[in-house]
Amino acid sequence: MTDASLAAARHDLARAYAGGAPGVLVSGLVWLIAGTIWQLHGTTAAFAALFFGGMTIHPLGVLIERAAFKAPKATIGKPLETLAIEATIPLFVGVLIAWVLLVRAPDLAIPTFAAIVGARYFLFRTMYGEIAYWALGGAILLVAALALFGIGLPLNLGFLVGIIELIAAAWILQRWRARR
């Protein structure tokens, strides 16, 4: 892929997915729900909320993109959509590892889940050409690492990741609108 074709694919993908902001928004809401469930019902219930809520991120994000932004489907950006699908495989492996930790070391399950999500956001920089994804991924990795090392956090990790993602979604959407 040439620089020009990569730029065209990124532009097309950003146009089709509103820069990815709706997906980040939905993910943030899933994390906030999981944080609430974690407070009320514990780690296993929160993990289930993340797992099942995670399955809703893409379809709800697309619904928002089409309904709120009247976004068309990607055409040129298809190779980058394929990259996103391929990056889902390591995400599933990470969720499997987090699930095993849920049984063997429950305190590490959700921080591991968060670290996996944070690491995946670095790929979105390539997909959308948006540097904000590096900041988003780094912020999530930082709070996940603090939790993994047992360093006290001011809120439970579900709330922190959710807040980080909601702030990032607003930032990414603002930057996407400015570039349109």
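## Salt bridges

A salt bridge is a side-chain nitrogen of Lys or Arg within 4 Å of a carboxyl oxygen of Asp or Glu. The structure holds four salt bridges. This is a predicted model, in which local features need pLDDT of at least 70 and side-chain atom pairs count only at pLDDT 80 or more, while totals for chains, interfaces and linings use all residues. Residues are numbered from 1 along each chain as its sequence is written, and side-chain values use heavy atoms, with hydrogens and water left out.

## The pair in helix 1

One of the salt bridges joins the side chains of aspartate 12 and arginine 15, at 2.2 Å from N to O. Both residues belong to helix 1 (residues 3-16), where they are three residues apart, about one turn of the helix. Helices are DSSP runs (H or I, at least four residues), numbered from the N terminus. An α-helix has 3.6 residues a turn, so residues three or four places apart point the same way.

Aspartate 12 is buried, with a relative accessible area of 2%, whereas arginine 15 is partly exposed, at 32%. Here buried means under 20% relative accessible area, exposed over 50%, and partly exposed in between (1.4 Å probe, protein chains only).

Glutamate 130 is buried, with a relative accessible area of 1%. The side chain of glutamate 130 meets that of arginine 175 in a salt bridge of 2.6 Å, N to O. Arginine 175 lies in helix 8 and glutamate 130 in the loop between helix 6 and helix 7, so this pair ties together parts that are 45 residues apart in sequence.

Glutamate 130 also forms a salt bridge with arginine 179, with the closest N and O atoms 2.7 Å apart. Arginine 179 is in helix 8 as well, so the second pair ties together parts that are 49 residues apart in sequence. Through shared partners, salt bridges join Glu130, Arg175 and Arg179 into one network. Arginine 175 is partly exposed, with a relative accessible area of 28%, and arginine 179 is partly exposed at 45%.

## Helix 7

The buried residues of helix 7 are Ala132, Tyr133, Leu136, Gly137, Ile140, Val143, Ala144 and Ala147. Seen down the helix axis, they fall within an arc of 135°, so they line one face of the helix; the arc is that of the directions from the axis to the C-beta atoms. The cover over these buried residues includes helix 2 (21-41), helix 6 (106-128) and helix 8 (157-179). Helix 7 is followed by glycine 150, whose phi is positive, near 75°.

Conventions. Helix = DSSP H or I, 4+ residues; strand = E, 2+ residues; numbered from the N terminus. Contact = heavy atoms within 4.5 Å.
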